[in-house]
Amino acid sequence: MQAIELKDIIFSYGKELVLDKLCASFYKGEMGVVLGRNGSGKSTLFHILTGIQRDYGGTLRVNGHDRRRIQKGSKDSLRIGFMNQFHQTTFPFSVFDVVLTGRASFSRFGPSKADRDQVRAVLESFGLLPYKDKPYTELSGGERQLVLLCRVLVQDPDIILLDEPTNHLDLHYQIAVLDNLKKLVDNGKTVICIMHDPNLAFQYGDRFFVMGDGKLRSLDSTTNDHKREVLEQAYQVDLQSVVVQDKLVLIPKSKLSM
Amino acid sequence: MHWKVFALCIVPICIVFISLCLGSTGFLSLSDLFRYTYAALAHCLGQDVTMQDTNMETILWQVRLPRVLLTFMVGAALAVAGGVLQAVFRNPIVDPFSLGISSGAAFGAALSMLISLIPLNLSAFMFGIIAVLITYLVSRGGTRGSLVTMVLAGMIISGVFTAFLTVLQYLSDPYKLQAIVQWTMGNLHTASWHKVQQAIFPITLGLTIIIAFRWKLNLLSLGEQEALAVGVNPKIIKLIMVGAATMITASSVAAVGMISLFGLIVPHISRMVFGPSNSIGVLANVSIGGSFLLVIDNFSRTLLPFEIPIGVFTMMLGTPLFIYLMRKNAINWNG
């Protein structure tokens, strides 16, 4: 079943056309991954999906509903959680308080005990419980990113949109985050990630797209060789492909002669 | 944590009693105060307990009590408004004063004193809202509004309304001029039961709204996108919060005039003691704000043979804090 359907999406910054009749479908209970170069329009697409950017042409449907008409904050509405790339805050809230704000759409006034328990559980699943009273402003970039991810997950969203969830993270946390996302997908959630590392993407994702020329190009139902060619073209790098345990691994070649 | 919460309740009560004992007509001992209180209560119940000093009795109930109540309300209101604005605009150096609300409200109040077309409270509120709206729009115009532009815009708007106020002062007759000038310095000494009556409804209403939704201030101070990220539309709650903060500020200004920078100082004290969460912070602002303004007012009443305007006092306290915050780089200029 289609969770998100993009049809003829057009978007431009001034005269520069960023998205040019982009079409794509993301399916329910799958992890969709968008790859592509910096500045190719991935983040623009992300902002359209999240509902922050509304000045686009074409239709975007989420579970069959027009994205523009989905009301925020109403109880029966579809829950869409997302995580931005950058975030800074002024006040040194504790980690627990930051994650707790993720439950804000569930209560009119203050958080309940159930909300607090949920926060505890999510922090526990990332091994962050010891950090719960630490000021958010004193965390490293990677730790902050994890906390923000917890914050998104604590609202129990149906669709999770993530812009580069693993940048800033060390290898340990990269795997922790992706394992957790995989678990969520197995439980029927829909996850859409923008990612930089094709290998991690192939290891965890179900469906792959490459952004280029304002369009999303699907990598599904293609051979490994074809995938390699498309990515070589997209990133302008020569790649060598290896298959490890049925998963495609691409190794970039240096442009210097070594 | 528990003793801190306990202190939040006990300290204001103690300070209220102490403040009732102080004044230019003489100091009361606490036991005297309790005797007067007992007499008044008995009087209410229909029994007649006569006190020797009826003058003191009148001063206590007609001068000191309304003043103490009004001071507490205004202190709490300004502190809470400051805390709310700091959270909503994600900026630790804004307060009702620096966003132009106070100046706008003062102009509205003075205007209503001069030409009484609309009630003073309402006029103060309207111009307070107008001022904060202009500040917000000016700082958003063009590029994405940063915190610096917001403070600068607030300064400009504040300046414009102060200029308008000066024009009003220039145009008004000496009696009204004196009233307006005292106003701009904060004039708690004109406190009366009438003023308490006028201020108590809007301030209680505003405080109740803010206290009810106080937890959501944490969400707002993470930023608009972070609210959208967890499925909350921040616009409505922002509007409610800024509206309520403006209402309580304007009512305070209408009742006692401008008390500069008080709304900046207290939220910082609350955060130092109770941490940054607004769940406890708003309540702390009520308690600390009310108590602290009472303490400052007690000094301004008793330190010298004449009263020092309270606005002068708070400005002198607020300025070093402002400079300290600027130096400490506690301000997130880019957010």
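Domain bounds, as used in these legends, come from an automatic or database domain assignment. The model shown is predicted.

**Figure 1. The two domains of chain A.** Chain A is divided into domain 1 and domain 2. Domain 1 takes in residues 1-78, 158-170 and 184-258 of chain A. Domain 2 covers residues 86-156 of chain A. Between the C-alpha centres of domain 1 of chain A and domain 2 of chain A the distance is 26 Å. Where they touch, domain 1 of chain A contributes 12 residues. Domain 2 of chain A contributes 9 residues.

**Figure 2. The surface buried between the domains of chain A.** The size of an interface is often given as the accessible area lost when the parts come together. For domain 1 of chain A and domain 2 of chain A, the buried area is about 740 Å². Carbon and sulfur atoms give 60% of that area. On the domain 1 side of chain A, the residues that lose the most area to domain 2 of chain A are A:H168, A:L169 and A:K189. Together these three account for 42% of what that side buries.

**Figure 3. A salt bridge between the domains of chain A.** The count between domain 1 of chain A and domain 2 of chain A is 1 salt bridge. The side chains of A:D156 and A:K189 form a salt bridge, with an N to O distance of 2.8 Å. Across this interface of domain 1 and domain 2 of chain A, 4 residue pairs are in polar contact, both residues being at pLDDT 80 or more. The side of domain 1 of chain A that touches domain 2 of chain A has 5 nonpolar, 3 polar and 4 charged residues.

**Figure 4. Where chain A meets chain B.** In this view, 32 residues of chain A contact 30 residues of chain B. The two chains, A and B, bury about 2700 Å² between them. Of this area, carbon and sulfur atoms give 62%. In chain A, the residues that lose the most area to chain B are A:T90, A:F91 and A:F93. Together they make up 23% of what the chain A side buries.

**Figure 5. The salt bridge between chains A and B.** Between chain A and chain B the count is 1 salt bridge. B:E226 pairs with A:R151 in a salt bridge, and their closest N and O atoms are 3.4 Å apart. Polar contacts across the interface of chain A and chain B number 5 residue pairs, both residues being at pLDDT 80 or more. The elements that give two or more residues to the side of chain A that touches chain B are β6 (80-83), α2 (95-100) and α4 (141-153) of chain A. By class, that side of chain A has 13 nonpolar, 14 polar and 5 charged residues.

**Figure 6. A salt bridge within chain B.** Over all chains, a search of the whole structure finds 17 salt bridges. B:D297 and B:R67 form a salt bridge, their closest N and O atoms lying 2.8 Å apart. B:D297 lies in helix α13 (residues 278-302) of chain B and B:R67 in helix α3 (residues 54-88) of chain B, so the pair ties together parts that are 230 residues apart in sequence.

**Figure 7. Confidence in the two chains.** The model scores ipTM 0.83 and pTM 0.87. Chain A has a mean pLDDT of 86, and 95% of its residues reach 70 or more. Among the elements of chain A, strand β5 (residues 65-66) has the lowest mean pLDDT, 80, and α2(A) the highest, 94. Chain B has a mean pLDDT of 85, and 94% of its residues reach 70 or more. In chain B, helix α2 (residues 30-44) has the lowest confidence, with a mean of 78. Helix α8 (residues 193-212) of chain B has the highest, at 94. Where pLDDT is low, the predicted coordinates should not be read in detail.

Technical notes:
Residues numbered from 1 in each chain as written. Chains lettered and ligands numbered in written order. Heavy atoms only, no water. Contact = heavy atoms within 4.5 Å. Buried area = accessible area lost by both parts, 1.4 Å probe. Salt bridge = Lys/Arg side-chain N within 4 Å of Asp/Glu carboxyl O. Polar contact = N/O pair within 3.5 Å; in protein donor to acceptor, adjacent residues only side chain to side chain. Helix = DSSP H or I, 4+ residues; strand = E, 2+ residues; numbered from the N terminus. Nonpolar A, V, L, I, M, F, W, Y, C, P; charged D, E, K, R; others polar. pLDDT = per-residue confidence, 0-100.
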